[in-house]
Amino acid sequence: MLFPWRRTRKGKLGVKREMEITVPPHFICPISLDLMRDPVTLCTGVTYDRESIEKWMESGNVNCPVTNQIATVSYPIPNHTTRKMIQNWCVENRSYGVERIPTPRVPITPHEISEVRLKMAAAVKDGDGRRLGDLVVKVRNWGMESERNKKCILGNGIGSVLADSFRSFAGVSGDVDLGLLKEILSLLTWPFPFTSEDVSHLKSSVSLRFIAGFLKEDDLSAKQNAIAVLKHLVFVDDQMSLEIEGIEETLVNILKLPISSQSTNSLVIIHRILSSCSQMTATTFIESGLIPLLLETLIDGDKLTCEKGLSILDQILSWEEGKASICQNALAVPLLVKKISRVSDAATELCVSCIWKMSSVGGSLHEAVRLGVFQKLLVELQIGCSERTREKANELLKTMNLLYRDEIDRFESSMALQYVKR
């Protein structure tokens with residue numbers, strides 16, 4: 001079998017010719033037909049490259065691809081002898097451009113994860129923060145080595161122990177080990193399949209108090225982890241209450257961070273709070289400077305950011321104080337008109353809803369007319385929209401046609417003149 005590496009050499013007459021390298025057949029993976037980088041052997045005695053055989057097993061196959069025998073042991077054994085032979089062969093042929101294959105790390109097994117999980121549970125029970133911290137760091141390092149390790153960690157119950165340990169060490173009397181809580185929080189950002197009990201641990205008053213405290217710290221990493229965990233809790237528990245002192249101002253300040261993902265997470269949490277809060281809470285958000293920051297975020301925001309931001313504006317417009325504050329901002333109407341038909345159908349519906357709510361405030365609808373909202377709404381009705389949006393658009397069109405007919409005619413005439421040849 002010929003390996004795809006080639007090297008050009010000059011002959012005696014100066015003629016260039018290509019040399020092909022023959023790879024020993026037992027260095028080739030029977031599945032990928034490539035040189036093995038991490039050779040492992042099944043219980044059937046056949047050696048494969050780890051990545052190839054694991055994909056084969058993960059796709060639901062339980063038989064050996066070569067012998068078709070059932071693999072009674074699903075975890076292949078590293079073949080160190082073959083791996084060393086391949087590395088030596090690579091070194092011998094490096095003059096032909098062959099690079100030495102690095103020694104792979106042995107991936108962790110579910111048994112190792114189970115052992116660590118039991119040790120972590122014992123450390124929590126004994127209140128041994130130092131031992132727990134060492135185990136948390138060990139799990140984190142395992143996960144950083146490879147995606148396979150991380151998948152193994154996620155599927156073997158570590159998340160439940162982490163949630164319980166965070167609540168337990170956050171509620172200890174006396175000095176709390178903030179460093180340990182930050183380490184645990186960094187792992188809780190991984191997509192663990194949390195149970196309802198795990199969520200109850202994380203949304204307990206003691207846990208939320210420290211998560212909210214990390215949001216206020218200068219430590220950017222802790223701030224990012226805290227906002228990510230809060231967002232996850234909001235997603236998995238629609239009825240979750242976030243009645244944390246000062247949470248409104250803290251979330252608004254996160255919008256100032258130059259990290260779009262954290263701003264989006266903050267918007268998700270703000271949206272969740274506003275959907276079930278009192279007018280007093282909404283007022284607190286407004287007084288904290290939410291509206292100008294929100295409008296600035298929407299200018300260059302991605303699809304998800306725009307949709308969440310517009311949804312928050314629509315919620316705030318339900319309160320008279322919020323409506324007055326938004327209408328006073330010179331950026332509000334131009335931004336809403338601009339976003340129509342430019343982000344997504346959901347964003348367009350929210351823009352129409354916001355303009356419809358603002359139309360009762362003097363001057364807002366007039367400004368929207370001058371910016372071309374009349375023509376944009378007509379287009380939306382023609383291409384199709386939801387029934388609720390259609391009703392609001394029709395009502396806006398009737399109002400604009402009644403109050404600003406002359407201005408609409410002038411606008412249409414000026415647009416037509418752009419296409420007249422001079």
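1. The model is predicted, so to speak, under set limits: local features need pLDDT of at least 70, side-chain atom pairs count only at pLDDT 80 or more, and totals for chains, interfaces and linings use all residues. Residues are numbered from 1 along each chain as its sequence is written, and side-chain values use heavy atoms, with hydrogens and water left out.

2. Helices α20 (residues 373-383) and α21 (residues 387-403) have axes that come within 10 Å and cross at roughly 145°. Helices here are DSSP runs of H or I, at least four residues, numbered from the N terminus; axes are lines fitted to C-alpha atoms over the stretch in contact, with angles from 0 to 180 degrees between N-to-C directions.

3. On the α20 side the contact (heavy atoms within 4.5 Å) is made by V373, F374, L377, L378 and L381. Residues of α21 in the contact include R390, L397 and M400. The contact residues divide into nine nonpolar, two polar and one charged.

4. Helix α14 (residues 290-299) packs against helix α17 (residues 332-339) at about 35°, the axes being 11 Å apart. L295, L298 and I299 of α14 meet A332, L335 and K339 of α17.

5. The largest nonpolar core has 98 residues, of which M120, F166 and M400 touch the most other members. Such a core is a set of buried (under 20% relative accessible area, 1.4 Å probe, protein chains only) Ala, Val, Leu, Ile, Met, Phe, Trp, Tyr and Cys residues joined through side-chain atoms within 4.5 Å. A second, separate core of 20 residues includes L35, C64, W89 and V98.

Terms used
Helices (H or I, at least four residues) and strands (E, at least two) are DSSP runs, numbered from the N terminus. Ala, Val, Leu, Ile, Met, Phe, Trp, Tyr, Cys and Pro count as nonpolar, Asp, Glu, Lys and Arg as charged, and the others, Gly among them, as polar. Buried means under 20% relative accessible area, exposed over 50%, partly exposed in between (1.4 Å probe, protein chains only).
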